[in-house]
Amino acid sequence: GTRIIYDRKFLMECRNSPVAKTPPSDLPDIPGVTSPNVEELKLENHHVQNCEEKVSAGEEEQFDMDI
């Protein structure tokens, strides 16, 4: 058979396409897979607040760790 080969430049340009940024219309809603889990959103918001507090307090860590 014939094989289609894409070069890196073409794939990187496709990444910025509006079609690539919108999910398919018939995609099922699966929490934690196709949509963010409620618990994950809470953890992300908490993590962002903690990072902002550390930066504002003058304590800047060398590496950001997710626990």
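User: Where does Thr 34 sit in this protein?

Analyst: In this predicted model, Thr 34 lies in the loop that links helix H2 (18–21) with helix H3 (38–56).

User: Why is Thr 34 called partly exposed?

Analyst: Its relative accessible area is 34%. Buried would need a value under 20% and exposed one over 50%, so Thr 34 at 34% counts as partly exposed.

User: Which residues does Thr 34 touch, leaving out those up to four places away in sequence?

Analyst: Thr 34 touches Leu 27, Pro 28 and Asp 29. A contact here requires heavy atoms within 4.5 Å. As for Pro 23, which is 11 residues from Thr 34 along the chain, the two C-alpha atoms are 8.9 Å apart.

User: Are Tyr 6 and Phe 10 exposed, partly exposed or buried?

Analyst: Both are partly exposed, because 49% for Tyr 6 and 38% for Phe 10 fall between the limits of 20% and 50%.

User: How many aromatic pairs are there in the whole structure?

Analyst: The search finds 1. Tyr 6 and Phe 10 form this pair, with 5.4 Å from centre to centre and 15° between the planes.

User: Why is the pair of Tyr 6 and Phe 10 called stacked?

Analyst: Ring centres must lie within 6.5 Å to pair, and planes under 30 degrees apart count as stacked. The values are 5.4 Å and 15°, so the pair is stacked.

User: What does the overall fold look like in terms of helices and strands?

Analyst: There are 3 helices and 0 strands, in the order α-α-α from the N terminus. Of the 67 residues, 1% count as buried.

User: Finally, where is confidence lowest and where is it highest?

Analyst: H3 is lowest, with a mean pLDDT of 59, and H1 is highest, at 93. The protein averages 75, and 57% of the residues score at least 70.

Key
Residues are numbered from 1 along each chain as its sequence is written. This is a predicted model: local features need pLDDT of at least 70, side-chain atom pairs count only at pLDDT 80 or more; totals for chains, interfaces and linings use all residues. Side-chain values use heavy atoms; hydrogens and water are left out. Helices (H or I, at least four residues) and strands (E, at least two) are DSSP runs, numbered from the N terminus. Buried means under 20% relative accessible area, exposed over 50%, partly exposed in between (1.4 Å probe, protein chains only). Rings of Phe, Tyr and Trp (its six-membered ring) pair if their centres lie within 6.5 Å; planes under 30 degrees apart count as stacked, over 60 as edge-to-face and the rest as tilted. pLDDT is the predictor's confidence in each residue, from 0 to 100.
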